[in-house]
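Subject: Structure handover

Hi,

Here is the structure I promised to pass on. Please open it first, then read my notes below.

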Amino acid sequence: MEELLPIGSVVLLQDGVKKIMITGYMAVNQEDEQKIYDYSGCIYPEGLLSSDQCLLFFHNQIKEVFFEGYKGEEYQLFCHQLEEIQNRLTSKDTIETI
């Protein structure tokens, strides 16, 4: 798993024209619950103006990082926990039992 950017990071996605601020991790689209996105985000600097403006994207879609958010002790622990969850979700055993 690639190291996730911290919440608050500001990025530009490939083919994007507006910057995106990362607001969350491991987001699921209600229309395709089998796909787990690396990040959720909102447009920057406007922020989340309504609930239907949340963007979901993968790490490999990031073209440029303009600002990297705070990486404290809690962030390191949280990333470790996310990696464990992701490993469980993507393991062959888990997929077969779902």
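This is a predicted model: local features need pLDDT of at least 70, side-chain atom pairs count only at pLDDT 80 or more; totals for chains, interfaces and linings use all residues.

Cys 42 is in no disulfide. Its nearest cysteine sulfur belongs to Cys 54 and is 8.0 Å away. Cys 54 is partly exposed, with a relative accessible area of 38%.

Next, Ser 40. This residue sits in strand β3, which covers residues 32-44. Ser 40 counts as buried, at 10% relative accessibility. Beyond its neighbours within four places in sequence, Ser 40 contacts a run of residues that includes Met 21, Ile 22, Thr 23, Gly 24 and Tyr 25. Ala 27 is also among its contacts, and so are Cys 54, Leu 55, Leu 56 and Phe 57.

Now the helix. α1 has 18 residues, 73-90. At 1.5 Å a residue, α1 should span 26 Å. Its end C-alpha atoms are 26 Å apart, which agrees. Which residues of α1 are buried? They are Tyr 75, Cys 79 and Leu 82. Seen down the axis, the buried residues of α1 fall within an arc of 65°, so they line one face of the helix. An α-helix has 3.6 residues a turn, so residues three or four places apart point the same way. What do the buried residues of α1 pack against? They pack against β2, residues 19-29. The face of α1 turned away from the buried side carries the exposed residues Glu 73, Glu 74 and Arg 88.

Last, some backbone points to check by eye.

- The peptide bond from Tyr 44 to Pro 45 is cis, with omega near 10°. Pro 45 is in the loop between β3 and β4 (55-57).
- Asp 15 is not a glycine, yet its phi is positive, near 65°. Asp 15 lies in the loop between β1 (10-13) and β2, and counts as exposed at 83% relative accessibility.
- Met 26 is not a glycine either, and has a positive phi of about 50°. Met 26 lies in strand β2 and is partly exposed, with a relative accessible area of 23%.

Best wishes

Note on methods. Residues are numbered from 1 along each chain as its sequence is written. Side-chain values use heavy atoms; hydrogens and water are left out. A disulfide is a pair of cysteine sulfur atoms within 2.5 Å. Buried means under 20% relative accessible area, exposed over 50%, partly exposed in between (1.4 Å probe, protein chains only). Helices (H or I, at least four residues) and strands (E, at least two) are DSSP runs, numbered from the N terminus. Contact means heavy atoms within 4.5 Å. The expected span of a helix is 1.5 Å times one less than its number of residues. The arc is that of the directions from the helix axis to the C-beta atoms.
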